[in-house]
Amino acid sequence: MTDKYVLKKDHLLPLLRKLKKNHRLIAPLQNRHGDTLFTEIDNLDNVRIDLENQPQNSLKQFFFPQQEVLFTYNNPARNSYHFEPVAEESGPALYFGVRSCDLSAILYMDVVFLKDVKDPNYLQKRQNSILVGLNCNTPFANCFCNATRNGPFLDFGFDLQLTDLGDRFLVEFDRSRGQEIISEWRQFFSRADDKDVKAQYQAFLEARGKFSLQVHLDLAARKLADDKVPESVWHELSMRCQDCGGCAYICPTCTCFTIRDQQTSDNEGERIRSWDACTFSGFTRMAGDHNPVDRQLRGIEQRFRHKLQFDVKKDNRPSCVGCGRCVNICFGGTDIVRFINMTCSENI
Amino acid sequence: MAGLATTFGSGAMTNSINEIENAQVILVSGSNTSEAHPQVARRIFTAMDRGARLIVIDPRRTLMARRADIHLDLRPGTDIPLLNAMMRIILDENLADDLFIEMRTENFYDLRDMLFRIDLDEMARITGVDLARIRSAAQLYGRAQKAVICYCLGITQHVCGTGNVQSIANLAMMTGNVEKEDTGVDPLRGQNNVQGACDMGALPNVFPSYQQVDNDDYREKFERAWNVALPAQPGLTLMQMTHGGKDGPLRAMFIMGENPMLSDPVIDKVKETLDNLEFLVVSDIFLTETAQRAHLVLPAASFAEKTGTFTNSERRVQMVRRVIPPLEQSRTDADIIMDLSGRLGYAMDYENPAEIMEEISLLAPIYGGMHHDRLENSWGLQWPCWDRSHAGTPFLHKYYFTRGKGRFIPTVHEPPAELPDDDYPFMLITGRIYHQYHTGTMSRKSALLSREAGEALLQLHPDDGRRLGVRGGDQVRMRSRRGEVLVKAQLTDTVKAGEVYTTFHFSEMPVNLLTTSAKDHFSQCPEYKICAVHLEKV
Amino acid sequence: MIMQSPHKDLYWPKPAEIREVIEENSQIKTFVLAFVDRQYNASFTYQPGQFMMVSVPHCGEAPISVSSTPMNAGAIHLSVRRAGGLTAALHDMKKGDVVGLRGPYGRPFPMASLTDRDLLFVAGGIGLAPLRSVINTCLATGHDRRITILYGSRTPSDIAFKKDLTTWGQTAKVSCLLTVDRSEPGWDGEVGLVTSLFEHCSLDPDETKALVCGPPMMIRAVLAELAHRGFADENIITTMERHMKCGVGICRHCHMDDKLVCKDGPVFTLEELKRLNVFELRG
């Protein structure tokens, strides 16, 4: 008997209502303009939870906000310079309807922010989070989580994971918080039987066959590792790149940031960290205008090497999660799939 | 706009932006599209991915030029000879669309006669582009089934700007590349709502919807609607207002969201004019260089604090919605105008912008079917949209031009007002860059944008740098007959030797101190693109 | 005293007072700093080659190498060249003013591998700053092999760290040679690139560790000279410079191939650098 459970779809909202009493609830909501975005739920009865469409954003901003005050400072006199903490953030949060790509992205961010150093802001939010995954029965048009090997279904990393079986969800837990939820609210869950488990496996097989894109990521990663990517690929893509930074901002695993002082009065200010993109020329430009990166020829290089070469070398897996959002958003045609295709098609 | 009005009858983009993706040949003239209109550049790149060919007319080697199949790097201000040469070649090689010319146009013979009289070698000499390349471009454009022309301020900001546009229209009509889907002539507007402003009659000679002021019927319509007597003659142009000098025609000015102290040519003249007004009121969201000289500053609301519509290059009217209430003491433009009008004795009591839009739909035929409830939750509507049931117009001049038949207007070369000479041997071209917008009022407040491009740079060719002893990063004194500035040099082969390029985004480098007051006779658009300067290392 | 988890102040600077400002030349000043928190100051230590992130009100932070030796506890020296907004603001500060300091960060010089070796230090301009930390540490810890210091400056007036240079020149087994790019009246020393000083030294490449620090062009020339003289890549050590923000290896502004200069550097051997795609070495 496996540790899998079943939650009837009818009981989803009542369960969320219970969980909302002690947690902030974040789920994919469709707004009145038809856009689906991970949003914090105010009133459960007033929102449209959308588990059909891909949310345009990922969970990144909830753990690593686009702008975040690290501390405030004041300097009332030349010999007086003090730093003050910012009030601690909100309480426990439950993230619901998180597809495999976005959940894997959180696991990647855990490595970035918690492995070698412990980023206090990220840690506080992460310790207070519960991740409830949603397996993808039907990948979206630009998805390739199969190529990045973190989907469409996950085996671990989640607190709870749901698989849509039509009138019910199959529910699994991996981490202790997931198990706690199941036992605390056991009236909502019944044990899964063979039929349920088989249905999940069936859904998995079908999902795997539904990808529209064929992305040869492993081949591209190998070419990068072997230094077999011709200069022309970097030049062409760097030239096409319109320098909007959209890919880095929308990407669930882009975590580069910049830090600046924002003056708020003569003697006071805030030190703010905000999202940044390695494709911007100012990312590497030093005082005196010296820049080790020639933006025109190689502006896009660090982005793809980081995700498909350096992180592979360091952690044995690429840091792209195959969500396809950059493919959706890039209007220069320099997304990661385009890079992989160009790299793989070069005959070396 | 004036140019297209005389040839097609309507001054706006003829087709929609997304149709550009389907063109087979795209001719981009005087537009640094990837930096100024990235969403249009996106369509151009997509078209190229599908096999489309790109011709770029630009004195500079911009990114568009580098990606182009053919780059015609002409001498600034020689667009008319270049376009005439292309048209002549098209005629010579029998690439004209005779049927289209016959059925849909008039005055072709005048153009043809003029073209047959020109000397192609002479045109090549004037433009500085070798004839073989002009010929390739003409053949490429002429042979295309579906071709689009995109142009921007590099075409219009000349003394012959109107003539330039007319030449472009001539070229498109001659080859039947207008009035069909996926073809057309696309003027790319310099600001996000300048199309909307023009549509609403923020021009001296027309009421909303381009209904002329001196047309009795139109004027009577508006006088009835607004219950006042209206002037029967066109008003002053921008330059007449800001360049009047100390004895200018105005005693007072109300400037809304415009910064002529930085964006108008011959800044000294602007300063003299404004400082001699009895009363200057400026409404803006930040204290701009112009606002600093005002007697009264009215804090206005930004895009996020007001509801209304913007109309873009492709005539698309889209909602912009308030998401936060106006901050502190700021008020929306509508509030400011209504309050002011009331105090001046003419009460206006629109409850909200939707009600204002209702009046617009009543009085401006091309906006006849534009209502907020239709624009909500949609991607907007393209004018003309005659009534509530009309779905908008993706491309203009379908089946007939707005003026009936398209009119060919032969144009001849008119050299720029001020060319380089021994005293001022360099040609200065002014324009924009990607990361900053206009006079930087908003964009310079962004830490990220200012990191990417935080100071004015003068693009200078390395050969010129060597000759002047100027290295990248050095300060240069640049001076014209009207003024001088200090600016940091950036050595690059984007510009040709003898030509330099910089922007007007940075208030500490007010390049418009140097530009001329010369302008196009019809459109009154100043010749920002050309003046003569002297350079020396500081 | 507030008990905080150790990572809470990952990004927090600590106030440090300027005890003294030494004007090295028209562009470089050395700031002698001590943390305002006496207890923290007393226990603070670092290793040669590391850097501090320096905060100046409203200017943000910048990385500055420590130029003092950790053997002299109680104060640290940061030698700063005026280059941009923050360093200009710093140059306007005086004794008694307070800055913020965070660190020490970075991979230090491999001090253990320098004992029992002849040492060659080649520096240009501000590049002497981190090497000064190494030299003074070696001397304070009884290094008794030969030390050769080759230092190039733009002009005689630009020669920085004059006090140390004099002291070193008077130390047994230390040979200190100076050169300038451009002479000035009263200078009767060498004129020319720092590489021209090599002919005045007798170096045994197998017994010597070379530490090189300065502008990219100088480094390239010196590396060529060292190769010419038979120095092995693993015996040549240098420091790399990149734009930095977090200083702790997360923000990635300092990326250099697959390395992060704030974490994997700033100290690198030439052997390590040659395995990477490094702009400064591409010429």
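**Figure 1. Division of chain B into domains.**

**Figure 2. Contact between domain 3 and domain 4 of chain B.** Domain 3 of chain B contributes 15 residues to this contact, and domain 4 of chain B contributes 17. On the domain 3 side, at least two residues each are supplied by helix 14 (238-242), helix 15 (260-263) and helix 16 (267-275) of chain B. Helix 16 of chain B gives the most to that side, namely three residues. By class, the side of domain 3 of chain B that touches domain 4 of chain B consists of seven nonpolar, four polar and four charged residues.

**Figure 3. Interface between chain A and chain C.** Here 36 residues of chain A meet 34 residues of chain C in contact. The side of chain A that touches chain C draws at least two residues from each of strand 4 (67-77), strand 5 (80-84), helix 3 (100-114), strand 11 (257-263) and helix 11 (301-315) of chain A. Strand 11 of chain A provides the largest share of this side, with six residues. The residues that chain A presents to chain C comprise 18 nonpolar, 10 polar and eight charged.

**Figure 4. The two domains of chain C.** Chain C is assigned a domain 1 at 6-105 and a domain 2 at 111-239. Taken over C-alpha atoms, the centres of domain 1 and domain 2 of chain C lie 25 Å apart. Their contact involves 15 residues of domain 1 of chain C and 17 residues of domain 2 of chain C. On the side of domain 1 of chain C that touches domain 2 of chain C, five residues are nonpolar, eight are polar and two are charged.

**Figure 5. Confidence of the prediction.** For chain C, the mean pLDDT is 94, and 97% of the residues of this chain reach 70 or more. For the complex, the predictor reports an ipTM of 0.93 together with a pTM of 0.92.

Terms used:
Residues numbered from 1 in each chain as written. Chains lettered and ligands numbered in written order. Predicted model: local features only at pLDDT ≥ 70, side-chain atom pairs only at ≥ 80, totals over all residues. Contact = placed C-beta atoms within 7 Å. Helix = DSSP H or I, 4+ residues; strand = E, 2+ residues; numbered from the N terminus. Nonpolar A, V, L, I, M, F, W, Y, C, P; charged D, E, K, R; others polar. Domains from an automatic or database assignment. pLDDT = per-residue confidence, 0-100.
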